[in-house]
Amino acid sequence: MVYGYVRVSTHGQTIENQKYEITKTRNIDKWYEETEHGTVDYKNRILNKCIKQLKKDDILVVSELSRLGRSLYMIMEILNHVKTIILLLRKNLKISILIINSLYLLVVITLFQFLYKRISLIIIK
């Protein structure tokens, strides 16, 4: 099953842009949406329910890593629960796909994500 996760920080923001970016790359079977600051522990957010829902070979698609959380530690903790991450690197209208099976490589990419917010991600449990 393919899940989509979208998060905005305030009620004044919309999730439609994130959904649009995600649906350009994948058809989503079920959406998880929330309005919550990324600094709130993921265990206290809808994201935790989403992660617990994932079964083997399920896919979680997120528009960018910062949607998971604002701290590198929190993102690494979340991604430690999954087997493979597929990042969609967007530049202009081109999309490149990078498959990562190494948590160490993901740390480096996550650091770049905070500098360059055009990385989307698909997670496979």
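Contact means heavy atoms within 4.5 Å. Before we start: this is a predicted model, where local features need pLDDT of at least 70, side-chain atom pairs count only at pLDDT 80 or more, and totals for chains, interfaces and linings use all residues. Residues are numbered from 1 along each chain as its sequence is written, and side-chain values use heavy atoms, with hydrogens and water left out.

**Exercise 1.** Find which residues lysine 19 is in contact with, leaving aside neighbours within four places in sequence.

*Solution.*
- Begin in helix H1 (residues 16–23), where lysine 19 is found; helices are DSSP runs (H or I) of at least four residues, strands (E) of at least two, numbered from the N terminus.
- Beyond those neighbours, lysine 19 touches Val6, Trp31 and Glu33.
- Next, look at the charged end of lysine 19: it sits over the ring of tryptophan 31, 4.8 Å from the ring's centre. The criterion is NZ of Lys or CZ of Arg within 6 Å of the ring centre and within 35 degrees of the ring normal.
- Finally, lysine 19 counts as buried because its relative accessible area is 16% (buried is under 20%, exposed over 50%, partly exposed in between, with a 1.4 Å probe and protein chains only).

**Exercise 2.** Locate glycine 38 and decide whether it is buried or exposed.

*Solution.*
- Go to the loop between strand S2 (30–35) and helix H2 (46–53); glycine 38 lies there.
- Its relative accessibility is 4%, so glycine 38 is buried.
- Now check glycine 69: 31 residues away in sequence, its C-alpha is 4.3 Å from that of glycine 38.
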